[in-house]
Amino acid sequence: MKISALLTSAGINVGLCVLFLSLYSVLRKQPANIRVYFGRRISEDHSRLRDAFILERFVPSAGWIVKALQCAEEDLLAAAGLDAVAFNRMLVFSIRIFSVAALLCVLGILPLNYFGQNIHHHRIPSEQLDIFTIGNVEVQSRWLWVHCLVLYIISGVACILLYLEYRHIARLRLLHLKRATPNPGQFTVLVRGIPKKTKESCSSDVDDFFTKYHASSYLFHQVVYKVGKVQKIMTGAKKACRKLKQFTDTTVDQSCKAVTYRCCLCGASSNSFQLLPTDEVVQSSGKTDLKDSSLITDNEECAAAFVFFKTRYGALVASKVLQTSNPTKWVTDLAPEPDDVYWSNIWLPYKQLWIRRIATLLGSIVFMILFLAPVAFIQGLTELEHLQQKLPFLNGLLTKKYMIQLVTGYLPSVILQIFLYTVPPIMMLFSTLEGPTSHSERKRSACCKVLYFYIWNVFFVNVVSGTVIKQLNFFTSPKDIPVELAKVIPGQATFFVTYVLTSGWASLSSELMQLFGLIWNFIRKYILRMKEDTEFVPSFPYHTEIPKVLLFGLLGFTCSVLAPLILPFLLAYFFLGYVVYRNQLLNVYRTRYDTGGLYWPIAHNTVIFSLVLTQIICLGVFGLKESPVAAGFTIPLIILTLLFNQYCRKRLLPLFKTFPAQDLIDMDREDERSGRMEHIHGRLHTAYCQFPDTEDIQLEKIQIDGNGVEKNCSSGESKGKETLEEQQPRRDELSHPTLKGLPVSRLQNAVRSITFLIRLQKRGLS
């Protein structure tokens with residue numbers, strides 16, 4: 001590919017970025033889009049924008065960039081949690097290391113590559129990109145020691161920065177442990193694999209076991225129940241009643257006139273949505289208590305329970321020791337935070353988990369293999385001669401200069417990005433089937449799977465041009481992989497540059513615009529006329545963004561010495577991503593659960609892998625260029641990098657696997673001295689609620705207006721004796737005449753009947 005094709009791709013992506021950033025700066029000021037661009041702030045602060053015409057609302061501005069840059073790390077930690085800080089530090093690390101790499105490689109190595117051979121050079125726009133790679137350097141060149149020296153500097157600076165960031169995140173994790181609000185998960189242990197006895201219930205077995213073997217620290221327990229058909233029916237009925245009750249939360253004119261709406265599709269008016277006030281319904285005495293524990297029957301118990309302990313240290317000890325001689329029974333782990341529990345997988349049999357993990361592993365491998373087909377097609381687009389042979393009807397079209405630049409420079413990376421949109425949902429499905437007990441564990445597992453997929457399909461498979469059979473033959477001889485990578489990576493650097501432009505710059509603009517959220521907000525508000533859902537605010541997609549950032553880091557390390565022309569584009573991506581992601585974390589996404597910075601070890605391992613892979617590839621390149629001095633000095637660099645990684649695993653990684661007993665004991669003693677321990681124990685009783693939808697719903701207040709609606713109604717009249725509560729100002733009860741066919745009365749009776757039958761069964765009267 002020529003420089004002109006690269007400039008074409010860069011121009012398209014720069015234009016899209018400027019367009020999206022300008023549109024975002026205007027759309028974020030519109031009151032109708034406040035739920036899209038300020039979801040987190042609205043859900044926490046309950047504030048709104050002024051719905052007034054201001055000219056400034058329609059003028060693009062860069063004020064959001066300034067606010068994102070001015071936000072301190074402490075503010076980001078308080079607003080989005082430690083995971084957001086860890087992700088932000090990944091971007092900071094990338095900016096720092098690739099700034100050093102760009103300075104050294106663009107100013108030092110790029111001229112050596114360009115003048116590596118005594119050939120006639122054309123004008124820069126007409127030059128091939130291969131001229132700027134290490135492949136243009138002559139064999140046995142005396143300038144290869146410069147490449148080796150730059151490799152040493154980049155590796156050394158990367159290790160130093162990586163250690164500083166690792167230590168910083170570890171310190172924040174310890175501070176996260178000692179936060180002011182006690183975490184119920186630190187006092188709780190999740191027990192699975194409870195052996196079932198025939199005569200006694202699971203609850204009594206748990207109580208007997210922990211009273212006998214953990215008597216000094218055991219507090220109480222809560223058995224996990226399998227959601228049965230009765231519970232699903234009741235949950236569905238309560239949700240339907242809750243949706244009907246939303247009509248009582250709307251205020252209309254007291255004149256009882258019909259309210260007409262204009263259809264957004266055809267423009268015609270309709271009075272089919274007519275809101276009329278209703279009379280107060282006498283409260284029935286048979287109030288249903290859906291929160292009663294008697295709704296849960298004994299046969300719904302499963303072999304899992306939450307066990308609560310008096311101290312954090314007692315819970316830590318119980319979670320780490322082997323409870324019995326059979327490792328598959330009484331399996332204990334520290335429980336996730338209450339908002340992080342993934343209840344659908346808690347009741348899964350523990351002996352079934354290893355089968356699920358093997359099945360999902362095989363499914364992931366099959367999916368990665370099947371993805372070779374679109375990757376092979378994409379690589380065919382980069383080889384123009386091969387494409388013309390397979391598709392002769394394109395010969396006339398591909399003779400035009402601008403079409404050649406578009407097909408070879410922009411189209412391949414766009415098609416690959418479209419296919420890659422299907423990867424995160426599929427990997428999230430695989431991670432769910434594995435049986436994780438928390439939302440954060442599921443997302444972290446999906447993050448690892450997506451990262452492995454990207455490294456395999458976007459990097460390793462793409463560097464090998466040709467058919468699928470050729471790609472498979474490439475990986476059948478592991479000892480030849482370094483030499484083969486040294487041959488093909490400089491040639492594939494052109495595709496990686498365009499991939500950074502398309503998947504990097506354009507995806508950041510799309511993330512900032514929130515296109516899917518913007519379209520759904522318009523449909524929901526102006527076409528479906530639905531009420532705004534103030535509760536739903538999305539969480540940050542770490543499983544898609546972290547692999548993307550780490551993949552670009554891998555491309556930057558491997559191409560820094562071999563093809564340094566990628567570094568300026570990559571550095572621009574990290575600078576833009578730093579601003580965009582900080583803005584999204586502060587304004588858009590809401591943090592419901594936090595792993596405590598557990599994403600950082602994934603980033604650390606990926607950077608170490610990238611460094612070692614870069615050094616191995618450079619070793620192969622130096623061998624092909626017949627430079628024994630440079631190749632000989634590269635081998636100690638690989639060993640030093642692996643030793644550094646081993647030191648970090650021994651020094652810092654244990655802090656991310658468990659909590660220090662010293663800190664937990666100090667926190668327990670401080671709570672006991674201050675008298676907070678009893679309050680913490682009291683909160684544990686209601687910390688883990690398996691059925692959050694089982695709250696009492698006043699079904700009898702939902703009334704559907706029938707044929708006997710009074711035409712002349714007055715909001716000030718009262719048909720009964722006025723009480724003190726009735727004299728207080730309140731909202732009028734409303735009904736919806738178009739919903740009069742819904743069997744609300746039968747729905748009320750069904751809920752009451754089911755509750756009565758369950759209570760009879762519980763008491764043994766049925």
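How many residues apart are Glu670 and Arg673 in helix H27? They sit three residues apart, about one turn of the helix. This is a predicted model, so to speak of local features we need pLDDT of at least 70, side-chain atom pairs count only at pLDDT 80 or more, and totals for chains, interfaces and linings use all residues. Residues are numbered from 1 along each chain as its sequence is written, and side-chain values use heavy atoms, with hydrogens and water left out.

**Salt bridges overall**
- The structure holds ten salt bridges, each being a side-chain nitrogen of Lys or Arg within 4 Å of a carboxyl oxygen of Asp or Glu.

**Inside helix H27**
- Glu670 and Arg673 pair up through their side chains in a salt bridge, at 2.9 Å from N to O.
- Helices (H or I, at least four residues) and strands (E, at least two) are DSSP runs, numbered from the N terminus.
- Glu670 is partly exposed, at 37% relative accessible area, while Arg673 is exposed, at 62%.
- For those words, buried means under 20% relative accessible area, exposed means over 50%, and partly exposed is in between (1.4 Å probe, protein chains only).

**Helix H27 to helix H10**
- Asp668 forms a salt bridge with Arg312, and their closest N and O atoms are 3.0 Å apart.
- Asp668 belongs to helix H27 (residues 661-674) and Arg312 to helix H10 (residues 312-320), so this pair ties together parts 356 residues apart in sequence.
- Both Asp668 and Arg312 are buried.

**Strand E7 to strand E1**
- Asp333 and Arg192 meet through their side chains in a salt bridge of 3.6 Å, N to O.
- That pair links distant parts of the chain, with Asp333 in strand E7 (residues 331-334) and Arg192 in strand E1 (residues 188-192), 141 residues apart.
- Asp333 is partly exposed at 35% relative accessible area, whereas Arg192 counts as buried at 9%.

**A nonpolar surface patch**
- Trp354, Ile355, Ile358, Leu361, Leu362, Ile365 and Ile369 make up a nonpolar patch on the surface, with about 710 Å² of accessible area together.
- Patch members have over 30% relative accessible area and no salt bridge; nonpolar side chains (Val, Leu, Ile, Met, Phe, Trp, Tyr) are joined within 5 Å, and like charges within 9 Å.
- Accessible areas come from the Shrake-Rupley method with a 1.4 Å probe, and for residues only the protein chains shown count as cover.
- Trp354 lies in helix H12 (residues 353-370) and counts as exposed at 54% relative accessibility.
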